[in-house]
Amino acid sequence: MIDRILADLNRTEGIKGSMVVGKDGLVIAAQLPSNIDSELVGAMASAAFGAAERTAAEIGQGKLEQAMIESEFGKTLMTDAGEGILVVLTDAKVNLGLIRISMKRAAEKIKNAF
């Protein structure tokens with residue numbers, strides 16, 4: 001079920017791959033390019049999302065909704081998906097509004113799948 005949600009999400013223009021990781025960093029499902037180590041990315045994404053959650057709470061901004069790492073060749077977006085974190089890898093130049101809407105819809109489906 002989650003694999004199908006990720007496959008549908010990956011059809012969004014500009015998305016290179018996606019995955020769901022547990023808050024402990026373990027990969028639940030992944031649809032990533034073969035040259036990407038999903039276990040390594042999952043562990044790092046979980047740590048980054050956890051640090052962003054603690055930062056948002058510490059500075060009084062409430063519950064973290066989404067975190068983004070913007071780099072030279074692409075973006076990594078992370079959002080809460082209930083029992084896990086939805087992680088999406090994109091091209092550098094993408095329509096972030098479209099990506100965020102697609103992620104929000106996918107995250108809701110993932111929450112219902114747990």
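Before you select anything, one cut-off: a residue counts as buried when its relative accessible area is under 20%, and as exposed when that area is over 50%. Bear in mind, too, that this is a predicted model.

Start with α3, residues 96-113. Pick out Leu96, Ile99, Ser102, Met103, Ala106, Ala107 and Ile110, which are buried. Now look down the helix axis: these residues cover an arc of only 140 degrees, which puts them on the same side of α3. The general rule behind that is simple: an α-helix has 3.6 residues a turn, so residues three or four places apart point the same way.

Then zoom in on the start of the helix, where a side-chain oxygen of Asn95 comes within 3.1 Å of the backbone nitrogen of Gly97.

What covers the buried residues of α3? Show α1, β1, β3, β4 and β5, which are among the covering elements.

Next, the largest nonpolar core, with 17 residues; Leu6, Leu86, Val88 and Ile110 have the most contacts inside it. α3 gives the largest share, six residues. Centre on Leu86: its contacts include Leu6, Met19, Leu77, Met103 and Ile110.

Last stop: a second, separate core of 13 residues, with Ala45, Met78, Val87 and Leu89 among them.

Key:
Residues numbered from 1 in each chain as written. Predicted model: local features only at pLDDT ≥ 70, side-chain atom pairs only at ≥ 80, totals over all residues. Heavy atoms only, no water. Core = buried A, V, L, I, M, F, W, Y, C linked by side-chain atoms within 4.5 Å. Buried < 20%, exposed > 50% of the residue type's maximum accessible area, 1.4 Å probe, protein only. Helix = DSSP H or I, 4+ residues; strand = E, 2+ residues; numbered from the N terminus. Contact = heavy atoms within 4.5 Å. Arc of directions from axis to C-beta. Polar contact = N/O pair within 3.5 Å; in protein donor to acceptor, adjacent residues only side chain to side chain.
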